Amino acid sequence: MGTSVFYFVATLSIIFSLMVIFSKNPIHSVLYLILTFFTFTVHYVLLNAQFLAVVNFIVYMGAIMVLFLFVLMLLNLNKENEPNKTAFVKILGVIAGGCLIVTLVGSFKAVAINSPLVLKDPNLGLVKNLGKELFGPFMLPFELSSILLLVAMVGAVLLTKKEEKANG
């Protein structure tokens, strides 16, 4: 049951990622990218990595993809605005695609699929264990990074705030 779900979701991941590349409309391409990230979230759940699944769902699907969608809508991309590509750029694209295909074929030949991955520790990707590690031996780096993010946020607010002129 688990391997059939994995292969089904992997097939969907490949189909949606190809639709991202071959879609003519950039808005549709972003929507297919959201679906691709959703299939990655399902993969994380199948691997028992709940924290990665939640972070992928919230950060990538929620924030970054909405940002991409708004940027594309603000850019108003049309065919008239797209520059013509020279023959040199097209040849470079074909060479890069060929290198990618050679790399993929070589990596598939190098990997032998013997048996599905079975986790020896079923509690490996749980949020509880991540919390124990973050608030145990990594407490100081975790708190220092939170202070650094707080200082960066305050600095960004101060940089964007308009200076008020003194009325005298």
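**A helical protein and its annotated segments**

Over residues 134–159 the chain is 85% helix and 0% strand, with the end C-alpha atoms 32 Å apart. Helices (H or I, at least four residues) and strands (E, at least two) are DSSP runs, numbered from the N terminus. The model is predicted: local features need pLDDT of at least 70, side-chain atom pairs count only at pLDDT 80 or more, and totals for chains, interfaces and linings use all residues. Residues are numbered from 1 along each chain as its sequence is written, and side-chain values use heavy atoms, with hydrogens and water left out.

The protein has six helices and zero strands, so that from the N terminus on its elements run α-α-α-α-α-α. An unreviewed UniProt entry carries the annotation "transmembrane region" for residues 6–23, 30–47, 53–75, 87–114 and 134–159; such annotations may be inferred rather than shown by experiment, and their positions are given in the numbering used here, with feature names shortened. Of these spans, residues 30–47 are 94% helix and 0% strand, and their end C-alpha atoms lie 26 Å apart.

Thr39 lies in helix H2 (residues 26–46). This residue counts as buried because its relative accessibility is 4%, where buried means under 20% relative accessible area, exposed over 50% and partly exposed in between (1.4 Å probe, protein chains only). The side chain of Thr39 reaches the backbone oxygen of Thr36 at 2.5 Å. Leaving aside neighbours within four places in sequence, Thr39 is in contact (heavy atoms within 4.5 Å) with Val9, Leu12, Ser13 and Phe16.

Leu134 belongs to helix H5 (residues 127–134) and counts as partly exposed because its relative accessibility is 27%. With neighbours within four places in sequence again left aside, Leu134 is in contact with Met139 and Phe142.

On the surface, Phe38, Phe51, Leu52, Val54, Val55, Phe57, Ile58, Val59, Tyr60 and Val127 form a nonpolar patch with about 850 Å² of accessible area together. Helix H3 (residues 50–75) gives the largest share of the nonpolar patch, eight residues. Tyr60 is placed in helix H3 and is partly exposed because its relative accessible area is 38%.

For the protein as a whole, buried residues make up 13% of the 168 residues.

Definitions and conventions
A polar contact is a pair of N or O atoms within 3.5 Å; within protein, one must be able to donate a hydrogen and the other to accept it, and residues adjacent in sequence count only if both atoms are side-chain atoms. Patches are made of residues with over 30% relative accessible area and no salt bridge: like charges are joined within 9 Å, nonpolar side chains (Val, Leu, Ile, Met, Phe, Trp, Tyr) within 5 Å. Accessible areas come from the Shrake-Rupley method with a 1.4 Å probe; for residues, only the protein chains shown count as cover. A salt bridge is a side-chain nitrogen of Lys or Arg within 4 Å of a carboxyl oxygen of Asp or Glu.
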